[in-house]
Amino acid sequence: MRNFFLTALILFSITAPAQKFKDLALTPPMGWNSWNKFECDGINEKVIKEVADALVNNGMKKAGYEFIVIDDCWQIGRDSLGNILADPIKFPSGIKSLADYIHKKGLKFGIYTCAGIKTCAGRPGSRGYEYQDARQYAKWGVDYLKEDWCNTSTQDATESYTLMNKAIEQAGRPMILSLCEWGLSKPWLWAKDIAHCWRTTGDIRNNWDIADAKEGKVWAGGVVINLDMQKGLEKYAGPGHWNDPDMLEVGNGALTVEEERAHFSLWCMLAAPLMAGNDIRNMTRQTLEIITNREAIEVDQDRLGMQGYKILDEDNFEIFMKPLANGDTAICLFNRGPEKKQFEINWAHYKISKGKSIYDIWKHTITGSTNENYKIMLNRHDVIMLRLGKK
Ligand code: GLA
């Protein structure tokens with residue numbers, strides 16, 4: 001009898017569907033990732049440590065940023081037993097010691113791999129080494145794994161990512177699994193039970209509105225290109241499972257201040273993971289103020305976990321709405337057009353009742369109530385982000 005139960009238990013554990021670690025990413029993950037600014041050649045342990053120091057010292061940690069994620073190019077090969085090796089020139093102290101350094105600062109540590117045989121930058125991928133790699137990450141103290149989709153040939157996305165999820169589960173260390181499959185096979189339809197977030201687009205570009213095509217189809221681009229690709233996906237996001245329109249380009253030099261503010265506000269409205277993608281060791285006060293705006297971050301991190309959605313799209317004027325846990329509503333008014341313009345909002349059009357105060361999240365003050373129409377002047381590509389509520 002005992003043997004029967006034992007066999008049944010073993011059979012169950014082999015055939016049972018993989019479960020991701022629950023209670024992780026109950027609000028969208030926040031942190032910093034090396035790729036947008038440093039790409040392949042710019043990373044090394046000195047840079048990563050300095051970034052961790054900066055994140056603690058400049059107030060970002062206090063504002064909620066917690067993961068330091070090394071993207072592609074930390075890995076250089078495998079040893080004779082197949083263990084993944086870090087580049088000894090760029091990371092002479094090894095990944096474990098870097099993870100320890102980051103953990104000592106009260107932060108969490110993330111790393112990158114790829115579901116294919118090679119990463120996008122041609123480094124060794126995890127294909128065929130999933131269990132071994134996950135065990136290694138667990139030993140190093142990895143808390144967040146980004147898994148890319150280059151060089152996957154005929155691999156099936158659901159199978160490949162489910163495999164890594166199982167490998168992480170077996171390795172036994174809770175890790176956020178962040179899928180980077182660019183939205184090709186609509187991961188929002190199948191990844192909820194195996195991952196904590198999934199990219200919905202290809203790579204964001206450091207510009208406002210230039211589309212980027214892959215095999216003749218737009219797969220990503222500047223800020224508003226990625227923004228538009230989120231339409232209709234709101235129903236798939238919630239606590240523990242988020243749509244990811246890609247990392248932030250705030251502070252990378254190509255956007256105007258209005259565009260940076262719009263990019264950040266809109267990502268907060270989308271309940272997007274907030275991964276800073278700039279050199280946070282050397283940024284302007286203006287960039288720091290944007291990415292650490294507590295009230296905007298509160299909207300992103302709201303525990304109801306609803307992704308904001310568009311309620312108006314007319315003549316380059318867009319309104320986004322995001323219901324919040326305490327009954328308040330976040331609203332983002334967005335002038336997409338090329339000129340400064342005046343707009344007037346009649347709240348009743350959007351079924352917003354009278355008697356609510358209007359708090360301006362960038363001005364940090366109450367600017368009216370929903371009893372009257374709201375008249376605003378908006379610069380080109382600028383936003384006004386509001387919290388309607390009882391305050
Ligand atoms: C892909 C991903 C990017 C980045 C690079 C690294 O393009 O989508 O986010 O990780 O690979 O090579």
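This report looks at the cysteines of a predicted model and how they pair.

The model is predicted, so local features need pLDDT of at least 70 and side-chain atom pairs count only at pLDDT 80 or more, while totals for chains, interfaces and linings use all residues. Residues are numbered from 1 along each chain as its sequence is written, and side-chain values use heavy atoms, with hydrogens and water left out.

The structure holds 2 disulfides, a disulfide being a pair of cysteine sulfur atoms within 2.5 Å. Counting bonded cysteines along the chain, the pattern is 1-2, 3-4.

| Disulfide | S to S distance |
|---|---|
| C40 to C73 | 1.8 Å |
| C120 to C150 | 2.1 Å |

Let's take C40 and C73 to begin with. Their link is left-handed, with -100° about the S-S bond. The pair links distant parts of the chain, 33 residues apart: C40 lies in the loop between α2 (35-38) and α3 (45-57), and C73 in the loop between β2 (67-69) and β3 (75-78). Helices (H or I, at least four residues) and strands (E, at least two) are DSSP runs, numbered from the N terminus.

The link of C120 and C150 is right-handed because the torsion about its S-S bond is about 100°. Here too distant parts of the chain are joined, 30 residues apart: C120 sits in the loop between β5 (108-114) and α6 (130-140), and C150 in the loop between β6 (144-148) and α7 (157-171). C120 is partly exposed at 38% relative accessible area, whereas C150 counts as buried at 16%. Buried means under 20%, exposed over 50% and partly exposed in between (1.4 Å probe, protein chains only).

What about C197? Its sulfur is 9.8 Å from the closest cysteine sulfur, in C180, which is too far for a bond.
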